[in-house]
Amino acid sequence: MNLRILHDQLTRRVQQWGNDARENRQVYRRLAQVLPDRLKDLVSRHRGRGMGPADSTRAALVSEELIAHIDEMVQVGANSVEARIQYETHMMLIDARRALRAFRAK
């Protein structure tokens, strides 16, 4: 992070990081809600191939489709955490500058 960033640019970045964090968090929640449905769908597709309940569940759990969905969830979650950290770090810089101005004004 550039500590000499202009205040206007800093506030824009704070807004952007906050928006990114919120959006990624919302997408992550939705992906997490859909995960059980996707697993059930995969299990039922494997059962349609003549597998038993345990075998179809096992096959669904190791399927590339489910793993890709989980990888997507992990990536979106990581993006959300990164954006939140950037937001909080930039907010700390704003707060530090405010405190310095108040200290110098005394």
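**Exercise 1. At what angle do H1 and H2 pack, and how far apart are their axes?**

Before we start, a word on the model: it is predicted, local features need pLDDT of at least 70, side-chain atom pairs count only at pLDDT 80 or more, and totals for chains, interfaces and linings use all residues. Residues are numbered from 1 along each chain as its sequence is written, and side-chain values use heavy atoms, with hydrogens and water left out.

*Step 1.* Find the helices. Helices (H or I, at least four residues) are DSSP runs, numbered from the N terminus. H1 covers 7-47, and H2 covers residues 53-61.

*Step 2.* Two packed helices are described by the angle between their axes and the distance between the axes. Axes are lines fitted to C-alpha atoms, for helices over the stretch in contact, and angles run from 0 to 180 degrees between N-to-C directions.

*Step 3.* Read the values. The packing angle of H1 and H2 is about 125°, and their axes are 8 Å apart. That makes H1 oblique to H2; angles under 35 degrees count as roughly parallel, over 145 as roughly antiparallel, 65 to 115 as roughly perpendicular and the rest as oblique.

*Step 4.* H1 passes H2 in a right-handed crossing. A crossing is left-handed if the near helix is turned anticlockwise from the far one by less than a right angle, and right-handed if clockwise.

*Step 5.* List the contact (heavy atoms within 4.5 Å). H1 contributes Leu-39, Leu-42, Val-43, His-46 and Arg-47, while H2 contributes Pro-53, Ser-56, Thr-57, Ala-59, Ala-60 and Leu-61. These residues divide into seven nonpolar, three polar and one charged. Here Ala, Val, Leu, Ile, Met, Phe, Trp, Tyr, Cys and Pro count as nonpolar, Asp, Glu, Lys and Arg as charged, and the others, Gly among them, as polar.

**Exercise 2. Find the buried residues of H2 and say what covers them.**

*Step 1.* Apply the cut-offs: buried means under 20% relative accessible area, exposed over 50%, and partly exposed in between (1.4 Å probe, protein chains only). In H2, the buried residues are Ser-56, Ala-59 and Ala-60.

*Step 2.* Look down the axis of H2. The buried residues fall within an arc of 100°, so they line one face of the helix. The arc is that of the directions from the helix axis to the C-beta atoms.

*Step 3.* Identify the cover. It includes helix H1 and helix H3 (64-105).

**Exercise 3. Describe how H1 and H3 pack, and follow Trp-17 and His-90 in these helices.**

*Step 1.* Take the geometry. H1 and H3 meet at an angle of about 160°, with their axes 7 Å apart. The two helices are therefore roughly antiparallel to each other. Their crossing is left-handed, and the contact residues divide into 20 nonpolar, 10 polar and nine charged.

*Step 2.* Start from H1. Trp-17 is found in this helix and is partly exposed at 23% relative accessibility. Not counting residues up to four places away in sequence, Trp-17 touches Ala-83, Gln-86, Tyr-87 and His-90. Trp-17 and Ala-83 are 66 residues apart along the chain, yet their C-alpha atoms are separated by 5.2 Å.

*Step 3.* Leaving aside its neighbours within four places in sequence, His-90 contacts Met-1, Leu-10, Arg-13, Val-14 and Trp-17.

*Step 4.* Met-91 counts as partly exposed at 24% relative accessibility. From Met-91 to Arg-13 there are 78 residues in sequence and 9.6 Å in space, C-alpha to C-alpha.

**Exercise 4. Is Ser-63 buried or exposed, and is Glu-64 buried or exposed?**

*Step 1.* Ser-63 lies in the loop between H2 and H3. With a relative accessible area of 12%, Ser-63 is buried. Its contacts, leaving aside neighbours within four places in sequence, are Leu-42 and His-46.

*Step 2.* Glu-64 belongs to helix H3. Its relative accessible area is 63%, and Glu-64 is exposed.
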